[in-house]
Amino acid sequence: MQGQEPVARKLDSIAGTSRDLLQTLDEIVWAVNPHNDTLEHLAAYLGQYATEYLQNTAVECELHIQRGLPHHPLSAEARHNLFLAFEESLNNALKHGRAHRVRVDMHVAPSQFEITIEDNGCGFDPVAIQATPEENGPAAGRHGNGLRNMRQRLDILGGQCTIRSRPGHGTTVILSVPLAPATASKANGSKR
């Protein structure tokens, strides 16, 4: 029996790696599929992803997606960068924030799409996390990479990643991207 424990751990590790690879492949296929290039498809995918990601955890997921989102086109690059920033914010809430509840809200504000991820976790001091590793030790810089990456991904899209947090009061991440006016051919339903 003792000899089987290392084998069982290795099999669990292989199974976990396989699941992760399949999930990554699914994300890539979704991001490059031109049938998914609208705001409404992005919101549906992110909502499904959040629900599945938090499903087997102790974290309650509250999801609010605006009804009647416009059929606004989004590039594969925009969908990919928004997805990765969204995924990072959920990961942070679960692993670092130790949240019990995550609320996701997606809506269109004037000329922009906003995704708000709010958790009731332990929170943190955003200024301290953004400090260089030399100022606060190696852990501060390591934990700040995800936040920096989220901001960079939104910058690429001409958008903004706003992070609000205080120790003991949870964290709110707002991902917002501008929505360019649709061209006449797209508005009239013409093919690309």
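**Helix packing and the sheet**

A: The axes of α2 and α3 come within 11 Å and cross at roughly 25°; axes are lines fitted to C-alpha atoms, for helices over the stretch in contact, with angles running from 0 to 180 degrees between N-to-C directions. The helices are therefore roughly parallel to each other, a label for angles under 35 degrees. This is a predicted model, in which local features need pLDDT of at least 70 and side-chain atom pairs count only at pLDDT 80 or more, while totals for chains, interfaces and linings use all residues. Residues are numbered from 1 along each chain as its sequence is written, and side-chain values use heavy atoms, leaving out hydrogens and water.

Q: Which residues of α2 and α3 meet?

A: From α2, the residues are L42, Y45, L46, Y49, A50, Y53 and L54; they meet R79, L82, F83, F86, E87, L90, N91 and L94 of α3. Contact means heavy atoms within 4.5 Å. These residues divide into 12 nonpolar, 1 polar and 2 charged.

Q: How many aromatic pairs does the structure hold?

A: There are 3 aromatic pairs, meaning rings of Phe, Tyr and Trp (its six-membered ring) with centres within 6.5 Å. Y49 and F83 form one that is edge-to-face (planes over 60 degrees apart), with 4.9 Å centre to centre and 80° between the planes. Y49 lies in helix α2 and F83 in helix α3, 34 residues apart.

Q: Turning to the sheet, in what order do the strands come?

A: The 5 strands form an open sheet ordered β1-β2-β3-β5-β4, with mixed pairing. Strands pair if DSSP finds at least two bridges between them; helices (H or I, at least four residues) and strands (E, at least two) are DSSP runs, numbered from the N terminus.

Q: Which strands stand at the edges?

A: β1 (60-65) and β4 (160-165) do; each has a single partner strand, so one side of each is left without a neighbour in the sheet.

Q: How many bridges join β4 to β5?

A: 6 bridges join these antiparallel strands, and I163 has V173 in β5 as its bridge partner.

Definitions and conventions:
Parallel < 35°, antiparallel > 145°, perpendicular 65-115°, else oblique. Nonpolar A, V, L, I, M, F, W, Y, C, P; charged D, E, K, R; others polar. Phe/Tyr/Trp six-rings, centres within 6.5 Å; stacked < 30°, edge-to-face > 60°.
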